[in-house]
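Hi everyone, thanks for coming along. Let me put the structure up so that we can walk through it together.

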Amino acid sequence: SFMLHYNFPSFSVGETKPARGPGRREIGHGALAEKSLLAVMPSKEKFPYTIRVVSEILESNGSSSMASVCAATLALMDAGVPIKQAVGGVALGLVKDGEKEVILTDIAGLEDHFGDMDFKVAGTRTGVTAVQLDLKIDGISLDLLKKCLAQSKEGRFFILDKMASALTGPRSELSSFAPRIDVIKINTEKIGELIGPGGKNIKAIIAATGASIDIKDDGTVLVGSTDASKSEAAIRMIKAIAEDVEVGRVYSGKVKRIMPFGVFVEIAPRKEGLVHVSELSATFIKKVEDVVKVGDEFKVKVIGVDELGRINLSKKQAEQSS
């Protein structure tokens with residue numbers, strides 16, 4: 001559910017060559033950046049999106065893979081993706097001459113080219129999420145490796161501080177440019193009722209709201225829409241079907257039949273209740289047809305459910321409680 005694409009065009013290093021498919025650099029650097037971020041990505045249950053990050057390298061004179069990690073972190077947080085922590089990355093180099101050795105932080109292109117090591121470390125404030133070590137010499141000592149990790153931590157924290165000055169964490173709301181996907185859980189025994197005969201109920205909700213609805217076998221329902229109000233309307237309709245009618249709750253209803261003693265109002269597909277004439281209005285009503293007609297929509301409050309499952313509703317009490 002998460003992928004990172006890393007594009008490294010030739011102009012980013014002052015070269016001119018045909019633009020073809022991804023090469024060794026793109027695949028390797030993209031895999032490193034993706035692994036660096038994978039540890040902080042939200043679970044599919046918490047955030048049911050497929051996330052794709054694209055890093056376009058416009059100029060390269062250092063570690064563009066670690067720059068991709070930092071930029072991707074800020075982009076994800078700005079989009080409202082609830083990542084667990086910010087991830088920063090830094091590249092270290094090594095210049096070794098006999099017994100003399102110097103560790104370099106945030107190496108530039110020349111230091112990378114002429115140096116003896118390229119050590120990339122990505123992580124959060126609480127731990128490391130990915131490392132990559134390339135050596136041009138036979139090896140390095142354990143003590144030198146410890147020094148590199150300590151120096152990389154200092155550099156990473158400095159970078160994370162700079163990132164935090166721009167954005168301290170994921171935005172509370174999802175980006176307005178992203179489609180909304182809301183997740184609700186229903187009783188698995190209600191799945192058939194929600195779908196309806198021949199898919200009648202679910203098709204009616206989709207037609208009324210324009211939202212996309214995906215029902216899983218475990219009772220998870222995914223509601224997708226580019227409009228928050230449409231998602232909310234679809235969720236209300238789903239809950240009205242999947243949840244038992246609750247006494248005291250207010251529903252949106254639609255008049256289906258008119259009788260001399262009151263009106264039958266549908267509060268969910270295949271769920272109707274009676275609004276007695278005495279519960280239609282706070283004032284006296286001589287004739288039901290004078291105040292309502294078939295197709296009217298209004299709020300109703302559930303005032304009772306008898307032993308046969310018949311639902312009693314009140315328009316008057318719903319208006320008073322609003």
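First, a word of caution: what you see is a predicted model. The protein has 322 residues, and buried ones make up 39% of them. Its secondary structure comes to eight helices and 14 strands.

Now for the overall shape. If these 322 residues formed a compact globule, the radius of gyration would be near 20 Å, but here we get 30 Å. The C-alpha atoms fill a box of roughly 105 × 40 × 35 Å along the principal axes. As for the surface, the protein exposes about 18,500 Å², and 53% of that is supplied by carbon and sulfur atoms. What about contacts along the chain?

Let's zoom in on one sheet. In general, strands of a sheet pair through backbone hydrogen bonds, and they can do so in parallel or antiparallel fashion. This sheet is open and has three strands in the order β7-β9-β8, with antiparallel pairing. At its edges sit β7, residues 180-185, and β8, residues 212-215, each pairing on one side only. From one strand to the next, the twist averages 20 degrees.

How many bridges join β8 to β9? There are four, and β9 covers residues 220-225. Within this part of the sheet, you can find Ile215 standing opposite Val221 in β9.

Next, please find helix α7, residues 228-242. This helix lies across β7, β8 and β9, and runs at about 150 degrees to β9.

Arg249 has its place in the loop between α7 and β10, the strand at 250-259. So here is the answer: Arg249 counts as partly exposed, because its relative accessibility is 23%, and that class lies between the cut-offs of under 20% for buried and over 50% for exposed.

Which residues does Arg249 touch, leaving aside its neighbours within four places in sequence? The contacts are Lys239, Glu243, Val300, Lys301 and Val302.

Notes. Residues are numbered from 1 along each chain as its sequence is written. This is a predicted model: local features need pLDDT of at least 70, side-chain atom pairs count only at pLDDT 80 or more; totals for chains, interfaces and linings use all residues. Side-chain values use heavy atoms; hydrogens and water are left out. Two strands pair if DSSP finds at least two bridges between them. Helices (H or I, at least four residues) and strands (E, at least two) are DSSP runs, numbered from the N terminus. Axes are lines fitted to C-alpha atoms, for helices over the stretch in contact, and angles run from 0 to 180 degrees between N-to-C directions. Contact means heavy atoms within 4.5 Å. The radius of gyration is taken over C-alpha atoms; the globule rule is 2.2 Å times the number of residues to the power 0.38. Buried means under 20% relative accessible area, exposed over 50%, partly exposed in between (1.4 Å probe, protein chains only). Accessible areas come from the Shrake-Rupley method with a 1.4 Å probe; for residues, only the protein chains shown count as cover.
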